[in-house]
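Please walk me through this structure, with attention to how its parts pack against each other.

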Protein chains: 2
Amino acid sequence: MAKQVVPEPARRRRRPTRRGTVLSERLIVHTALRVLREHGSTGLTARRLGTALGADPSTLYRYFAGMDDLTRAIGEELMGQALDRWTATGEWRADLRALGRAIHSSYLAHPQAAALTASRVTGRPREIAVDETILGILRTAGFPDPAAVRLYHAFIDLSLAFAALDAGALALAEEARATDEEMWTSTYAQLPAESYPHIAATARLLAARMPHSAYPVVLDALLDNATAQLTAPRPEPTPPAGPARPGRQSASGS
Amino acid sequence: MAKQVVPEPARRRRRPTRRGTVLSERLIVHTALRVLREHGSTGLTARRLGTALGADPSTLYRYFAGMDDLTRAIGEELMGQALDRWTATGEWRADLRALGRAIHSSYLAHPQAAALTASRVTGRPREIAVDETILGILRTAGFPDPAAVRLYHAFIDLSLAFAALDAGALALAEEARATDEEMWTSTYAQLPAESYPHIAATARLLAARMPHSAYPVVLDALLDNATAQLTAPRPEPTPPAGPARPGRQSASGS
DNA sequence: CGGATAGAGTCAACCGTGTTGGCATAAGGG
DNA sequence: CCCTTATGCCAACACGGTTGACTCTATCCG
């Protein structure tokens, strides 16, 4: 039975599979990334991954509690790649900007995987490390704790939300081009100018702008806002907090 | 065969189902919303929806090309509800703010449905109407077309991205509480303060801030930025456009 | 050096999923 | 009032995740 998954460091016996490959968490995650790239964001199945590994599908349950657990591990891998690619300079604004772009582009380097995982919180070590890093940048920059937390929250959720959105669009564009490209042109292409004057008037600009991500624009807006807060600090109490709309939950302590 | 789906307005014969209900696109979408709320974001299946409707699962294919098509219709419904709830005042900043919050809260009113649909572009009429409305607000406010398009893009993608992210978190919190709540407390709860000093130092503030959405904060940052642009317009050419990172595509024309 | 042990890989099977082709039937036009 | 055909139903298919029982072998211990 596959009830208990043995944690990676405690793994001692590595029996080669029937087709000779020696499995590991790393190998499985990397193979999953390849399968996702080749078969699309819905194309990662236990059977297919098993075949790609040269192993029986059920073997995966010796390493992950289920496909959902594997999905979280993939997300953790993407976050880790972002963190590895990034280096601190000491200038808070530049560092945050670079880290945000690293996360965003790291996810978009694997659109199918990102579309699958970006909106999920993994709770794994590399993700926590990113959280700690962001908070460190902000607090070291001189933001008082409430502002630092507010900005941390906005920054990480903004980055992940856009990673998920952009990756979804990119993955959709790469796979299933047949079905969707058709819809783009047939539905959106020529809208009647009398019904949609503003869209018609800006059609050319839209066509040039929409294929890019809006993330850099919004990120810069947020950083501008933060800079203003730092030079001219205003208390800014907890916002009117409308109806309970829970956001992404993350690092917390009692 | 279910190759050709009859468009809603052309539907003439409405044969009641064996259990007496008379089907329609509206009824199916609304029932799907109910099923999603009751069974979670992965709980919408053809068989379950068929049962909820008192109809055979295959009947759905007379109304939608497949589950994916139905999903898009659900997204369109959410966007429509947002638009219905919103009214223009003529003050562009307040109008945009209200529209953004309407979209966000409309999606979060159906978290499971939103988690399923918010990152997909429907290409259906109500969605296009929202796009047209946003562009209209910005152009009427006096933004030159390039700035209007840039802001439209940032605004709509920001709103949808946060709708998806927040809805995902909210849906996850509501369903499967058994599996996930456990992970929150066990993994994130008490992190060693020596390894994660910044998280530890702000733990109380984080716990208070994270359960809310960061959307209002980021939206206001974007609107502040826009206001500044409007009063002191600067050319701001196309940003350095890094590696091709397609964003959400939308209304376009040749 | 040689069992004993239990962890890793395999096999077959379960149930639930989307989807389709063929069929029955009743709604509504003529 | 009949005929056409849109609409709902049925049975079946291929494929999804997951599990329980099993084999085999890498490693531990004597």
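This is a predicted model: local features need pLDDT of at least 70, side-chain atom pairs count only at pLDDT 80 or more; totals for chains, interfaces and linings use all residues.

Residues are numbered from 1 along each chain as its sequence is written, while chains are lettered from A and ligands numbered from 1 in the order in which they are written.

Start with chain A. An automatic or database domain assignment sets the bounds: domain 1 is 1–65 and domain 2 is 66–230. Their contact takes 12 residues from domain 1 of chain A and 14 residues from domain 2 of chain A. Two residues are in contact if their C-beta atoms, placed from the backbone, lie within 7 Å. On the domain 1 side, helix 1 (residues 25–39) of chain A gives the most, with six residues. Helices (H or I, at least four residues) and strands (E, at least two) are DSSP runs, numbered from the N terminus. By class, that side of domain 1 of chain A has eight nonpolar, two polar and two charged residues. Here Ala, Val, Leu, Ile, Met, Phe, Trp, Tyr, Cys and Pro count as nonpolar, Asp, Glu, Lys and Arg as charged, and the others, Gly among them, as polar.

The unreviewed entry lists "domain: HTH tetR-type" for residues 22–82 of chain A. That span is 64% helix and 0% strand, and its end C-alpha atoms lie 27 Å apart. The unreviewed entry also gives "DNA-binding region" for residues 45–64 of chain A. This span is 40% helix and 0% strand, with end C-alpha atoms 14 Å apart. Such annotations may be inferred rather than shown by experiment.

Now the helix pairs. Two packed helices are described by the angle between their axes and the distance between the axes. Axes are lines fitted to C-alpha atoms, for helices over the stretch in contact, and angles run from 0 to 180 degrees between N-to-C directions.

In chain A, the axes of helix 6 (residues 125–141) and helix 7 come within 9 Å and cross at roughly 135°. The two helices of chain A are therefore oblique to each other; angles under 35 degrees count as roughly parallel, over 145 as roughly antiparallel, 65 to 115 as roughly perpendicular and the rest as oblique. Residues in this contact include A:Ile134 and A:Leu138 of helix 6 and A:Leu151 and A:Phe155 of helix 7. The contact divides into eight nonpolar, no polar and three charged residues.

In chain B, helix 4 (residues 92–108) packs on helix 7 (residues 145–174) at about 30°, with axes 9 Å apart. That makes the two helices of chain B roughly parallel.

What angle do helix 7 of chain A and helix 7 of chain B cross at? They cross at roughly 95°, and their axes come within 8 Å. That makes them roughly perpendicular. A:Leu160 and A:Leu165 are among the residues on one side, and B:Leu160 and B:Leu165 among those on the other. By class, the contact has 10 nonpolar, no polar and two charged residues.
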